[in-house]
Amino acid sequence: MNENGDRMSIIVQTIASILFPLALIFSFYVIMHGHLTPGGGFQGGAIGASAVALLIVAFGAKYVEGKMEEENLSIFESLGGLVFVIVSILGFFLAATFLTNFLVGEPLFGIIPAWGEAPLNSGGVLPILNLAVGMKVIGGLASVVLILAIASKEGEK
Amino acid sequence: MKKATAIAFIIFSLFLFFSAYEMRSFGNPPSEMDDRIIGKYNSTANKWEYGAVNETGANNAVTSVVFDYRGYDTLGEATVLFTAIAGVMMLFRREKK
Amino acid sequence: MIYNLPFLTVVALIAIGMYAMLFKKNLIKIAIGLTIVESGVNLFLITLGYREGGIAPIFTNLPPGMSPEEIPEKMVLPVPQALTLTSIVIGVAVLALILSLAIRIYRHYGTLNAEEVRRLKE
C-alpha cells in the first residue's frame, strides 16, 4: 500500500502489464490445443482468470473494474454457455441426438489422426466446445475474483 | 448432542478405514476397464479399431470423455458454475450510480 | 498393505475434513474442512484410475519407443480423470459461493461463530 491507494509499486505494475498478454496467449493456447495436449477449456480458463487476478493484485480492484466491468465479463460467460448449447442442439438437428459430435469424419474439421500425428483440425466439435467452456470459465472466475476483491475493499472503510 | 456427534464421527471413520483396507490393491485396475475408450491396435490393418481416437477424432482421451461421452455431465457442470457465479453476484449487488 | 497407502491417505483426508466440519464453530474453518473432504474425494477418484507405471491417456507426444500394441495396458484410465476435472471446477465455484456467504454473514452479524449466528437468540 502506498500513496496510490491499493496499487502496488511501479515495478510490479510494469511486470504485470507485460505478463498479462502472455498469460492470455498461453491460456488461449491451452484451450485451443485441448484435444491434443494436456489441458482443455477448464484449465485454460483458470489460467486466463489468474491473469485477471494478477492485474487486480498489481493495479487494484477499482482500476481493473473501470477497465473491464463485471457486466462485460458476465456477458462473456453467458456467450460461452450459449455457444455450448447451440452446438449441442445443432448435433440434434444435423445428426442423431443432443450433443452428437456431428463434425467428426468431415474433411475440414474432423480429421481422425493417424498413429503419432496430431493435426489441429481434428476432433470435430470438441475444439468448439473447449472454446465455449474456456470462455465460460474465464468470464466466471474472473468476475468472481473481481467481485470478491471489490467487496473486501468496501468492507474495510 | 456433542457426544452423539463424536460417536457418529468415529463410526463413520471406522467404516471408511475398513472399506479402504478391503479395497483392491493400488495400481491394478481391472484390465478390461475403459478399454473401449482407450482403444485397441489392430496390427494387421495397421490402425486403431475402436476407442476415443476413432470415435471422436481427438488424441486426448480425457477431453473426449469430458465433451463427448459425458457431455451431459459437462453441461450440468457449466450450469452449476453459472448458478454459483450468479449467486455471488446476487450477494454483492450494488446500487448503480 | 503398503500398496493400499493411497486409499488410507484418502480416508485420513476425509476424516480430517469431516472432523473440521463437525466440531469447529468458525465458518471459515468449516469451509476449509469442506475443501479438504473434496480433495480427499478427488484423490480417491484419481487413485482408482491409476495403473502401475502408466502414462497419461493422450496420444500426442508419446514416450519414444512406445509401440502401439502395448498401449492399452500402459495407459491410466481416462474416465476418473474426467470426473475429477468436473469436480474441481464445481468445487471452486461452490467455495466462492460459501466464502461470499461468509462475508455477508460477518457483515450482518459481526461474527463468524456458527453458534452465535442465530436470529432468534438475541
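1. Between chain B and chain C the count is zero salt bridges, a salt bridge being a side-chain nitrogen of Lys or Arg within 4 Å of a carboxyl oxygen of Asp or Glu. The model is predicted: local features need pLDDT of at least 70 and side-chain atom pairs count only at pLDDT 80 or more, while totals for chains, interfaces and linings use all residues. Residues are numbered from 1 along each chain as its sequence is written, chains are lettered from A and ligands numbered from 1 in the order in which they are written, and side-chain values use heavy atoms, with hydrogens and water left out.

2. The interface of chain B and chain C brings 46 residues of chain B into contact with 49 residues of chain C, where contact means heavy atoms within 4.5 Å. The buried area is about 4300 Å², with 77% from carbon and sulfur atoms; buried area is the accessible area (1.4 Å probe) that two parts lose on being put together, summed over both.

3. Helices (H or I, at least four residues) are DSSP runs, numbered from the N terminus. Axes are lines fitted to C-alpha atoms, for helices over the stretch in contact, and angles run from 0 to 180 degrees between N-to-C directions.

4. Ala, Val, Leu, Ile, Met, Phe, Trp, Tyr, Cys and Pro count as nonpolar, Asp, Glu, Lys and Arg as charged, and the others, Gly among them, as polar.

5. Turning to chain A and chain B, 43 residues of chain A are in contact with 28 residues of chain B. The two chains bury about 2800 Å² between them, 67% of it on carbon and sulfur atoms. On the chain A side, A:F42, A:L99 and A:L126 lose the most area to chain B, together 17% of what that side buries.

6. Helix 4 (residues 70-94) of chain A and helix 5 (residues 71-91) of chain B come within 11 Å, axis to axis, and cross at roughly 160°. They are therefore roughly antiparallel to each other, and the crossing is left-handed. Among the residues that meet are A:E77 and A:F84 in helix 4 of chain A, and B:L81 and B:F82 in helix 5 of chain B. This contact has seven nonpolar, four polar and two charged residues.

7. Over all chains, the rule gives two salt bridges. A:E77 forms a salt bridge with A:K136, with the closest N and O atoms 3.7 Å apart. This pair links helix 4 of chain A to helix 5 (residues 126-156) of chain A, its members being 59 residues apart.

8. Inside chain A, helix 1 (residues 10-32) and helix 2 (residues 41-59) pack at an angle of about 170°, with their axes 8 Å apart. Helix 1 of chain A is therefore roughly antiparallel to helix 2 of chain A. Their contact comprises 16 nonpolar, eight polar and no charged residues.

How values were computed. Helix = DSSP H or I, 4+ residues; strand = E, 2+ residues; numbered from the N terminus. Parallel < 35°, antiparallel > 145°, perpendicular 65-115°, else oblique. Left-handed = near helix turned anticlockwise from the far one by under 90°.
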